[in-house]
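Open your viewer and keep the selection panel handy. We will go stop by stop, beginning with a word on angles.

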2 protein chains.
Amino acid sequence: MNLLLEVLWLLVTTIYFCLEAFVKLFAPVKRKSVRGETVLVTGAGHGIGRLTAYEFAKRQSKLVLWDINKHGIEETAEECRKLGAEAYAFVVDCSKREKIYSAAEKTTKEFLPAMMSINHGHIVTVASACGLSTLPFLVSYCSSKFAAVGFHKTLTQELAALGKDGIKTSCLCPVIVNTGFVKNPSQRLLPLLEPEHVANTLMEGILTNQKMIIVPPILNVLLMLERLLPERAIAGVSRLFEVKFDVAVGCKDKGKQVGTLSIVISYTKSNS
Amino acid sequence: MNLLLEVLWLLVTTIYFCLEAFVKLFAPVKRKSVRGETVLVTGAGHGIGRLTAYEFAKRQSKLVLWDINKHGIEETAEECRKLGAEAYAFVVDCSKREKIYSAAEKTTKEFLPAMMSINHGHIVTVASACGLSTLPFLVSYCSSKFAAVGFHKTLTQELAALGKDGIKTSCLCPVIVNTGFVKNPSQRLLPLLEPEHVANTLMEGILTNQKMIIVPPILNVLLMLERLLPERAIAGVSRLFEVKFDVAVGCKDKGKQVGTLSIVISYTKSNS
């Protein structure tokens with residue numbers, strides 16, 4: 001096709017898609033059913049992973065639970081069974097094999113072929129607001145979360161390029177969650193998130209096939225400002241939020257404080 | 001300070017910073033001198049690393065050159081000496097130690113303390129346009145480049161938080177460069193970059209302390225559109241550019257094609 005015509009066509013469709021996106025903001029959203037689906041939750045022994053497992057259990061999914069912590073994972077499985085779901089607990093250390101994003105990648109590689117053959121499934125990458133914007137003194141953490149976001153985006157684009165529209169992807173990016181990951185966190189204007197709220201938002205995002213689950217949603221506006229405003233203005237905006245937490249600068253064990261929480265949830269249609 | 005007053009003050013300063021940024025677009029840019037500075041270039045045995053080393057050699061920096069390839073690195077060092085610079089070649093395999101972004105992180109950790117003590121230096125992270133946007137079939141590559149961008153951004157913010165304004169940072173993000181990294185690359189509208197052009201742009205960015213060196217600059221506009229437009233419109237824009245290259249889907253050695261090119265250039269004031 002002629003390039004000029006293509007550009008014109010692009011303009012027309014862009015206007016249409018913008019209108020469509022605007023209308024969709026007010027349209028009721030359909031939630032899919034996850035009943036009977038097999039769901040793998042890594043890091044399910046505590047925090048958001050555990051709470052997400054409960055959400056699936058309430059909806060009668062079959063749960064495969066992974067965590068490094070034997071006690072925690074068995075507790076989660078027990079609770080899932082009480083909620084009426086099948087649940088199998090396994091002690092697995094994803095972080096040992098390699099860095100955090102490699103673990104997500106490897107887990108995905110194990111399950112993706114089966115999903116692709118039936119063109120059905122959902123892969124959830126748990127990143128963080130630190131995968132979109134940054135915080136000082138968390139260099140390793142932010143780098144790995146940026147990698148997780150990049151992983152999710154490339155995977156999404158690849159599945160689209162391969163025509164696998166039955167496999168959905170979601171990426172969770174919450175601001176600081178009150179799970180004890182950083183010490184004495186505080187921020188102004190943005191809430192300090194509770195794990196229950198994040199798990200609920202994640203579940204809602206999965207059921208409605210949201211690609212980026214940014215919590216709280218106002219963060220979307222801040223990220224857009226970050227692209228549009230000059231650097232010195234962005235610094236001013238950051239200061240307004242007064243994000244604070246304790247860090248041990250120069251501490252030898254600093255690396256340890258960098259968390260390894262990452263959940264990959266993948267579910268494929270059950271055969272039963 | 002009262003929150004309302006703070007927000008008002010932020011609005012005023014934001015308008016000022018926007019005007020300032022606009023004026024700066026037309027103001028002449030001062031280039032700093034790198035004469036006599038000690039410059040470490042990793043991956044200097046070929047491609048952009050080698051060409052960047054030549055640019056520093058022309059400006060009489062002292063060069064410390066690292067590469068996995070003994071022959072390549074010695075050739076680069078010899079050429080740097082011909083250009084009138086001191087040059088020392090070392091065979092170092094950064095990629096062996098760990099994944100690409102860890103290598104950048106570790107190299108930085110080795111040199112940063114010395115830079116911080118004199119509050120002088122410059123750290124350059126070589127990422128890619130794939131660290132800001134994504135391409136299908138390059139999941140590992142994009143993830144690692146997203147991590148590199150995250151590393152650069154967090155490091156920049158951390159140095160600012162510590163008041164180390166004498167240590168500059170730059171991050172290079174070019175679109176596909178004609179270095180044989182992907183086979184038969186082609187794209188419409190955007191140029192296929194030549195390594196010489198990228199090395200020159202990088203050098204210009206370093207000398208003028210640019211934080212993000214995006215090549216070609218028009219990519220900035222596309223990245224902004226990516227934030228503003230709905231998903232389906234973005235897919236249309238991507239299609240317009242027709243980025244194409246050969247991939248070996250399902251090939252066992254596919255991982256090998258994922259490049260490990262990463263340069264960290266750090267220079268500290270020479271004592272002589």
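Residues are numbered from 1 along each chain as its sequence is written, and chains are lettered from A in the order in which they are written. This is a predicted model, with local features needing pLDDT of at least 70, and side-chain values use heavy atoms without hydrogens or water.

Now show the side chains: the contact (heavy atoms within 4.5 Å) includes A:Leu10 and A:Phe17 of α1(A), and B:Val237 and B:Leu240 of α9(B). Its residues divide into seven nonpolar, two polar and three charged.

**Stop two: the axis.** Display both chains. A rotation of 180 degrees with 0.0 Å of shift along its axis superposes chain A on chain B, with an RMSD of 0.0 Å, fitted by least squares on C-alpha atoms of residues with pLDDT of at least 70 in both. That is the relation of a two-fold axis. Next, select A:Ala147, whose C-alpha comes closest to the axis of the residues of chain A, at 2.2 Å.

**Stop three: confidence.** Colour by pLDDT, the predictor's confidence in each residue, from 0 to 100. Chain A has a mean of 82, but residues 248-272 of chain A stay under 50. Where pLDDT is low, the predicted coordinates should not be read in detail.

Key:
Predicted model: local features only at pLDDT ≥ 70, side-chain atom pairs only at ≥ 80, totals over all residues. Helix = DSSP H or I, 4+ residues; strand = E, 2+ residues; numbered from the N terminus. Nonpolar A, V, L, I, M, F, W, Y, C, P; charged D, E, K, R; others polar.
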